[in-house]
Amino acid sequence: MRTVLSSVNRVLIGLVGLVLFLAGGSVLAVGLGAKPPAWWVYGDRHDVLLSDAARTRWRSDGWWWPTVLAILAVLVLLALWWLSAVLRRRRLGEVLIDTGDGESALLRGRALEDALADQTSYLDGVRATHVRLTGRRTAPEAHVSLLLEPHTDPGTTLHTLTTTALTPAQSSTGLNSLPTTIHIKAAKHRPERVN
């Protein structure tokens with residue numbers, strides 16, 4: 001679903017960009033004195049997009065304003081749906097595991113997240129941890145957020161996280177790779193007094 005949404009998103013952004021580029025380029029070309037074709041919206045550089053007669057032609061009809069408002073409402077709803085679909089990052093529901101005998105098993109994504117979070121929470125200097133899986137069920141990606149205690153060495157924590165949590169999770173699930181993004185943040189602490 002995410003790859004389909006990503007492809008649709010790219011196509012829509014490309015089409016909107018192409019239309020805006022062509023419209024802006026045509027206005028600029030006519031404004032600089034280029035001769036437009038006879039069927040084009042603009043006739044010369046002093047022409048306007050909508051004349052007074054064209055703008056006010058249907059204003060007195062009873063169907064005009066409800067139609068305009070309905071079209072604008074539909075466009076706003078489509079834009080909000082598109083924005084929410086782009087901003088939403090779905091959690092991975094399940095991970096497909098090859099059992100080695102020609103069959104496969106499904107592991108709940110939340111179970112793998114909880115296992116990684118439990119392994120990470122026992123590391124020295126880690127105050128809080130949050131793990132989220134995204135991607136496809138055959139190629140999951142882990143996103144790990146760590147809140148470290150003050151004066152904890154991030155390099156040591158990163159190495160320990162890789163060797164004690166991520167590598168065992170990858171090998172136990174039989175995945176070829178487990179791409180991981182790690183966000184490390186230091187916990188705030190009170191300033192120390194120096195005498």
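This is a predicted model: local features need pLDDT of at least 70, side-chain atom pairs count only at pLDDT 80 or more; totals for chains, interfaces and linings use all residues.

Residues are numbered from 1 along each chain as its sequence is written, and side-chain values use heavy atoms, with hydrogens and water left out.

**Salt bridges**

How many salt bridges does a search of the whole structure find? There are three, where a salt bridge is a side-chain nitrogen of Lys or Arg within 4 Å of a carboxyl oxygen of Asp or Glu. Side chains of opposite charge can pair when their charged atoms come close.

Select Arg137 and Glu94. Their closest N and O atoms are 2.7 Å apart, and they form a salt bridge. Arg137 is in the loop between strand 3 (126–135) and strand 4 (140–148), and Glu94 is in strand 1 (residues 94–98), so the pair ties together parts that are 43 residues apart in sequence. Helices (H or I, at least four residues) and strands (E, at least two) are DSSP runs, numbered from the N terminus. Arg137 is partly exposed at 37% relative accessibility, and Glu94 is partly exposed at 31%. Buried means under 20% relative accessible area, exposed over 50%, and partly exposed in between (1.4 Å probe, protein chains only).

Next, select Arg127 and Glu149. This salt bridge has its closest N and O atoms 3.0 Å apart. Arg127 belongs to strand 3 and Glu149 to the loop between strand 4 and helix 5 (154–173), so the pair links parts 22 residues apart in sequence.

Now select Arg110 and Glu113, whose side chains meet in a salt bridge at 3.7 Å, N to O. Both are in helix 4 (residues 109–121), three residues apart, or about one helical turn.

**Helix 4**

At 1.5 Å a residue, its 13 residues should span 18 Å, and its end C-alpha atoms are 18 Å apart, which agrees; the expected span is 1.5 Å times one less than the number of residues.

Color the buried residues of helix 4: Gly109, Leu112, Glu113, Leu116, Ala117 and Thr120. Looking down the axis of helix 4, these buried residues fall within an arc of 135 degrees, so they line one face of the helix. The arc is that of the directions from the helix axis to the C-beta atoms.

Finally, show what covers these residues: strand 1, strand 2 (104–108), strand 3, strand 4 and helix 5 are included.

Terms used:
Contact means heavy atoms within 4.5 Å.
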